[in-house]
Amino acid sequence: MADNSSQQSSLKQFLARTELIITQITAPPFVLADKSTTEFPRYWIEHPDLFDAPAHEPSAEARILAVLKWFLSSLRGQQYAGRDPSDGVKKPLNAFLGELFLGECGREGEECRLVSEQVSHHPPVTACYLWNEKHGIRAEGYTRQEITFSGSVNIQQIGHAIMHIDEFDEDYLIPLPNVKVKGILTGGPYPELGGTYHIISSTGYVAEIDFTGKGALGMGGSKNHVAAHVYGPDDPKRKKALYTAEGSWSESFVVKDGDGKQVDSYDVSSAPSSDFRTAPLDHQDAWESRKAWHPVIDSIHSGNMQGVADNKSVLENAQRELRKRSDTSEEAWEAVFFNKRKDNEVAQKLLSVVGESFDPKETCGAWKFDAHGAAKLERPWRGKLTPYGGQ
């Protein structure tokens with residue numbers, strides 16, 4: 001197995017081009033993470049108490065603040081895929097069409113559950129549904145990622161999520177920030193979020209979130225910096241913040257009220273994550289992520305880079321053959337847990353509050369979890385058809 005210095009040298013050579021479309025090439029095995037993109041929504045519920053918290057707040061003002069805290073607390077897990085930041089970042093496995101990831105976390109009897117599915121491959125779109133039945137809170141969303149390289153890896157996320165609280169019949173639009181992976185050519189890659197985004201509540205409250213980081217060549221700014229401001233429904237021009245939250249989304253942040261008094265804080269780096277549980281491997285369906293990618297993941301864990309490349313090629317070649325068939329082509333493909341719709345009226349209404357809109361065509365539709373259909377489903381999800389062929 002190659003040592004870190006030789007791997008970094010190879011990575012520099014691999015990426016030393018400009019405007020490279022990352023999704024059109026094969027990444028060297030040593031930069032791959034041991035999980036697929038379908039697994040990443042799990043980090044939204046890795047702290048179940050924070051995911052559930054908005055459902056227990058008595059006021060709309062307190063609820064949007066709880067939603068903001070949950071959102072900020074989830075970013076470290078999502079961007080580092082559960083790794084310690086000191087270990088850097090790795091490229092997740094590109095999910096194949098129809099790939100599924102299901103699981104749960106939290107205490108027995110009040111679990112947070114997740115269903116994630118790759119609903120499109122060209123372009124890649126992942127849909128997910130997360131819920132806690134006991135606490136009456138749920139979230140569903142979908143994202144298309146476009147990845148390019150121009151000195152840094154630039155990941156543009158197209159899509160959104162909607163959180164719904166049953167007791168109050170409230171909706172919250174959750175943004176999906178763009179990501180820039182910096183430090184690749186120097187051998188120390190790390191993610192930075194950038195831009196301004198909004199959490200928008202159907203109650204009229206808005207949280208405006210600004211992500212900044214270190215400047216070019218590490219000059220100026222601070223790593224993973226975030227500053228958020230919460231505004232009330234009687235302040236549509238967002239002049240006076242009711243609350244501010246500021247700090248590092250990968251380390252810790254502090255919440256203050258409008259008078260500058262600290263009212264809360266959260267140490268992201270030390271907060272223990274809840275164990276995420278999936279079905280045992282021998283009980284998983286062939287389309288479930290860890291089952292389908294098991295030979296690749298096993299090779300990653302053992303440091304067998306040739307095994308990674310060989311097993312990855314087997315699955316990817318099988319997928320290409322499936323796409324050539326009329327009954328399993330992307331045009332004929334139907335998702336298991338999600339329905340494709342032409343619009344999402346809730347998202348459109350909430351986005352209009354901040355003068356934004358979205359085009360469902362960019363994500364091959366507006367994807368909605370089919371709760372009624374899901375209740376009737378059983379493994380094997382697609383009969384005898386597997387990601388490797390069959391049927």
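In the predicted model, helix α3 bends at S74 by about 30°. The helix comprises 21 residues, 60-80, and its first and last C-alpha atoms lie 32 Å apart, close to the 30 Å expected at 1.5 Å a residue. Of these 21 residues, 19 are buried, so α3 is largely enclosed by the rest of the structure. Just after the helix, A81 adopts a positive phi of about 50°.

R76 is one of the residues of α3. Its relative accessibility is 13%, below the 20% limit, and R76 therefore counts as buried. Leaving aside residues up to four places away in sequence, R76 is in contact with A81, D84, P85, W249, S250, E251, V268 and S269.

A helix pair is formed by α5 (residues 294-302) and α6 (residues 305-324), whose axes come within 8 Å and cross at roughly 170°. This angle is over 145 degrees, and the two helices are therefore roughly antiparallel to each other. On the α5 side the contacts involve P295, V296, S299 and I300, which meet M305, G307, V308, N311 and K312 of α6.

Two cis peptide bonds are described here. One joins H122 and P123, with omega about 0°; P123 is located in the loop that connects β5 (112-121) to β6 (124-132). Another links R379 to P380, also with omega about 0°, and P380 belongs to the segment following α8 (371-374).

Positive phi values also occur in loops. D169, a residue other than glycine, has phi near 50° and is placed in the loop between β8 (153-165) and β9 (170-174). With a relative accessibility of 56%, over the 50% limit, D169 counts as exposed. C364, likewise not a glycine, has a positive phi of about 55°. This cysteine lies in the loop between α7 (345-352) and β19 (366-369). C364 is partly exposed, because its relative accessible area of 26% falls between the two limits.

Confidence in the protein chain averages a pLDDT of 91, and 91% of the residues score at least 70. Over residues 14-25, however, pLDDT stays under 50; for this stretch the model has 24 contacts beyond four places in sequence. Where pLDDT is low, the predicted coordinates should not be read in detail.

Definitions and conventions: Residues numbered from 1 in each chain as written. Predicted model: local features only at pLDDT ≥ 70, side-chain atom pairs only at ≥ 80, totals over all residues. Heavy atoms only, no water. pLDDT = per-residue confidence, 0-100. Contact = heavy atoms within 4.5 Å. Helix = DSSP H or I, 4+ residues; strand = E, 2+ residues; numbered from the N terminus. Expected span 1.5 Å × (residues − 1). Bend = angle between axes of the 7 residues up to and from the residue. Buried < 20%, exposed > 50% of the residue type's maximum accessible area, 1.4 Å probe, protein only. Axes fitted to C-alpha atoms, helices over the stretch in contact; angles between N-to-C directions. Parallel < 35°, antiparallel > 145°, perpendicular 65-115°, else oblique.
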